Amino acid sequence: MEGSATLSIYDRESTLQSRLNVFFHERFGLPPSDYYSRLDMQGLIDLKNILSEINNIFTLKIGLKFVNWLGEILELCDCEREEIRKSMLRRRPNANGYDIEVCEPTNVIAEVKCNIPINGGIVYGSAQRDGILKDIRSLMHGKSKARIDPDNCLKFLVLMDTPKIRIATKQLVENMKQDQSAMVFVEQGMKPEQKNKLYIVFIGVV
């Protein structure tokens, strides 16, 4: 009809192509190019395998930032901080036990979760929620394959610090039927000292 707006037709491939090309250009400073078309099936398989490690990379980076925070809050010396850092770097992804285990000078266990609420919202998806609750239970009550007793440890659940993650996590804790009274959100200036509590720490991503 004359004068009517032309309707745009969604094209799945061109949309994905544009997003991939823009990402490589903006994030890596590569010259504008059609990287999508240059990736054959083997290239896509290789890229998929590399990207499958993203969660492990997130966990490592947030974990190392937490170690820095822990060193400050517990007033650890440089040697103690470096030993904790080395211990984390030596741990293989998905190894038995906790993401972070410290025995000296204070027993500490921590699980690092890098979940982002689904669909850009403020609520965790069911699988995300189940994973976080599983880590909370293991921190509070132990893991069958862990060599450390949580009753003798300071316990931390470590999350990325974004407004939406904070809201989603607080909603999750408010709806917990078990262990809710043991949850403590760490605020600035707070020094975790109670081994019967689980401290929730938000670590900045930048």
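The lining of the second largest pocket divides into 7 nonpolar, 3 polar and 4 charged residues; here Ala, Val, Leu, Ile, Met, Phe, Trp, Tyr, Cys and Pro count as nonpolar, Asp, Glu, Lys and Arg as charged, and the others, Gly among them, as polar. The model is predicted, so local features need pLDDT of at least 70 and side-chain atom pairs pLDDT 80 or more, while totals for chains, interfaces and linings use all residues. Residues are numbered from 1 along each chain as its sequence is written, and side-chain values use heavy atoms, without hydrogens and water.

The second largest pocket holds about 250 Å³ of space. A pocket is an open set of points, on a 1 Å grid over the protein atoms alone, where a 1.4 Å probe fits, with protein on both sides within 12 Å along at least five of seven lines; lining residues have an atom within 4 Å of a point. Of the 14 lining residues, Arg-129, Leu-133, Leu-172, Asn-175 and Met-176 are the closest to the centre of this pocket. Two or more residues come from each of α6 and α7 (163-174), helices being DSSP runs of H or I with at least four residues and strands runs of E with at least two. The largest share, 4 residues, belongs to α6.

The largest pocket has a volume of about 650 Å³, a volume being the space filled by probe spheres set on the points, which are joined across faces, edges and corners. Its lining has 25 residues, and Asn-56, Thr-59, Pro-93, Asn-94 and Asp-99 are the closest to its centre. Elements giving two or more residues to this lining are α4 (54-73), α5 (78-90), β2 (108-113) and α6 (126-141). The largest share, 5 residues, comes from α4. By class, the lining of the largest pocket has 9 nonpolar, 7 polar and 9 charged residues.
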